[in-house]
Each structure stands twice: as C-alpha cells, then as structure tokens.
Amino acid sequence: MDMQTAAGIIIPFLGTGLGAAMVFFLKKQISGALQKALTGFAAGVMVAASFWSLLQPALDSSSALGTLAFLPASAGFLIGVGFLLLLDIITPHMHMDRQSEGPQSGFKRTTKLIFAVTLHNIPEGMAVGVVYAGLLAGSSGITAAGALTLALGIAIQNFPEGAIVSMPLLAEGMPKQKTIWMGVLSGAVEPVAAVVTMLAAGFVTPVMPYFLAFAAGAMMYVVVEELIPEMSEGKHSNVGTIAFALGFVLMMILDVTLG
C-alpha cells in the first residue's frame, strides 16, 4: 500500500476525530440551526459523492456491456440499499426521540446512538476501500484525484458525526477527554472496513462495478433514511436545505477540478 492510498484511507477517520474534538469549542448541546446546517451539508456531500465518485465509475467500468451497462450498477446499488435496510431493522435508528428522557434513558439512547453511528461508518469505509482498490487495479473511470475527492467528502460528512457522538456524552456528564475517545473509536471501523474491502476487492476485480454501486447504495440509504429527515423536521429546515445545496456543489466542484 503506497502513501497516497494510506492517506486516502486515513482522511475520513480524521474527519470523525476532528468532529469529536468539537466538545472543546461548543456548548454541551449543538444549536438547532448549526445541527441542521451540518446535517444538510453532509447529506449534500454524500449524494454528490455517491454519483460522481461511485456510480459514474461503476457505469464506466461496465461500458463493455453496451446498452446493458446499467445492470451491474443497478444491482449493486439495490444490494447496498438492502444491506443498510437490514442493519436498520436489527439495530436502532440514529434519529431517536429525545423527549421524556431521564438520565438513565438518556444514557441508553446515547449508547444506541454510538452503536448506530459506528455501524453506519462501515459502508463509508467500504466506499473508500472500493475506490482505492479500483484505482490500484487500474479500473476505468477511477482516478487518484477522484478517489481523494471521495475520501475528503466522507471526511466532511464524518465531521458532524464525530460531534453527534461526543456532544451527547458530554451532556450526560462524561469528561471531555473520554467523549473525544468515544467519538474517535466510532470512526475507527472506517479504515478497518476500507482495508478489508481492498483486500477482498483485489480478488474480485471483475465485479468492481458491483462493489462501487453497493457503496453508493449504502451511502444513499443513510442520506435518505437518516440525514434528510433530521435536516427537514422542525425549525431551521431551510438552513439544512441551503447547506445541502452547498455541500452538493462543493463535491461537484472538487470532483470536476481534481478529477
């Protein structure tokens, strides 16, 4: 593994760590407007990254199939959505009701939240691993700049997730240093998932389009099921919508200029 690939794998993890470190700069609870902005921005980044950095390379890699080039991408995308749907059936959702919580129920909710965020980090790590595996294998449509753009986009998306994990723990009375470590650990599964995916993808290069589209489907599920509802409900929903547009445009610009 060269330094470029190693950096691409680590960058998303750093985004989670920096987000967790926000406990030193913010109050015990993030304001509603800021939370909407962070969530909306992350959603926009992930939607753009799912298409330009994952689905488009999947379609390009299947160009030899002619008019049937959509089949691998379509199948992989639906399998990715189904995989995350299964996870949500057997694990708690991230957007759980905060009302009528005492200290004990609040702690239980925070534990579930950490578990849910950690599980949702797995497909993001897989997405990075798939792209870099395709880059190393010389798959068409995947460039070093495009892979880096995806890693940066996921890091941006991970920033609010790190805060989402650490801030509730701080509100429950946990020391700041420990809340940071909990946030960092929730993102530690990403580089692990990336490396495991790279090792697996190296043996199945012919099905790379399926892997790419699988990662895209998993990411889009998180956006539709978790991020968009959070940014749209209640007050300041317009802030979330504007941030979504900014995040989408930023990722589009990065992919075009760097790719």
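## Aromatic pairs

The structure holds 3 aromatic pairs, where rings of Phe, Tyr and Trp (its six-membered ring) pair if their centres lie within 6.5 Å; planes under 30 degrees apart count as stacked, over 60 as edge-to-face and the rest as tilted. One of them joins F83 and F214, a tilted pair with 5.5 Å centre to centre and 50° between the planes. F83 belongs to helix α3 and F214 to helix α8 (residues 208-232), so this pair ties together parts that are 131 residues apart in sequence. Helices here (H or I, at least four residues) and strands (E, at least two) are DSSP runs, numbered from the N terminus. F83 is partly exposed, at a relative accessible area of 32%, while F214 counts as buried at 15%.

Elsewhere, F51, W52 and F248 make up one aromatic cluster.

## About the model

Before going further, please keep in mind that this is a predicted model, in which local features need pLDDT of at least 70 and side-chain atom pairs count only at pLDDT 80 or more, while totals for chains, interfaces and linings use all residues. Residues are numbered from 1 along each chain as its sequence is written, and side-chain values use heavy atoms, with hydrogens and water left out.

## Overall fold

The chain has 9 helices and 0 strands, so to read its elements from the N terminus on is to read α-α-α-α-α-α-α-α-α. Of its 259 residues, 48% are buried. The accessible surface of the chain comes to about 11,700 Å², and 73% of that belongs to carbon and sulfur atoms; these areas come from the Shrake-Rupley method with a 1.4 Å probe, and for residues only the protein chains shown count as cover.

How much of the contact set joins residues at least 24 apart, among contacts between residues at least 6 apart in sequence? The share is 84%, with contact meaning heavy atoms within 4.5 Å.

## Nonpolar cores

In soluble globular proteins, nonpolar side chains tend to be buried together. A nonpolar core here is a set of buried Ala, Val, Leu, Ile, Met, Phe, Trp, Tyr and Cys residues joined through side-chain atoms within 4.5 Å. The largest one has 40 residues, and L54, A127, V131, L150, L212, M219 and L227 touch the most other members. Elements giving two or more residues to this core are α2 (32-61), α3, α4 (103-137), α5 (144-171), α7 (189-201), α8 and α9 (237-258). Its largest share, 11 residues, comes from α8.

For a closer look, take A127: beyond its neighbours within four places in sequence, A127 is in contact with L54, L150, I154, A215 and M219. Apart from this core lies another, of 7 residues, among them A163, L170, I180 and V184.

P72 sits in helix α3 and is buried, with 4% relative accessibility. Leaving aside neighbours within four places in sequence, P72 contacts S62, L65, P209, Y210 and A213. The C-alpha atoms of P72 and M208 are separated by 9.0 Å, although the two residues are 136 apart along the chain.

F70 also belongs to helix α3 (residues 70-90), but F70 is partly exposed, at 43% relative accessible area. Together with L59, L65, L68 and L71, F70 forms a nonpolar patch on the surface, with about 430 Å² of accessible area in total.

T5, in helix α1 (residues 3-20), is buried with a relative accessible area of 0%. S50, found in helix α2, counts as buried at 1% relative accessibility. With the four-place neighbours again left out, its contacts are L55, A216, M219 and M220.

T118 lies in helix α4 and is buried as well, at a relative accessible area of 18%. Beyond residues up to four places away in sequence, T118 touches S186 and V189. The C-alpha atoms of T118 and V165, 47 residues apart along the chain, are separated by 9.4 Å.

Methods: Patches are made of residues with over 30% relative accessible area and no salt bridge: like charges are joined within 9 Å, nonpolar side chains (Val, Leu, Ile, Met, Phe, Trp, Tyr) within 5 Å. A salt bridge is a side-chain nitrogen of Lys or Arg within 4 Å of a carboxyl oxygen of Asp or Glu. Buried means under 20% relative accessible area, exposed over 50%, partly exposed in between (1.4 Å probe, protein chains only).
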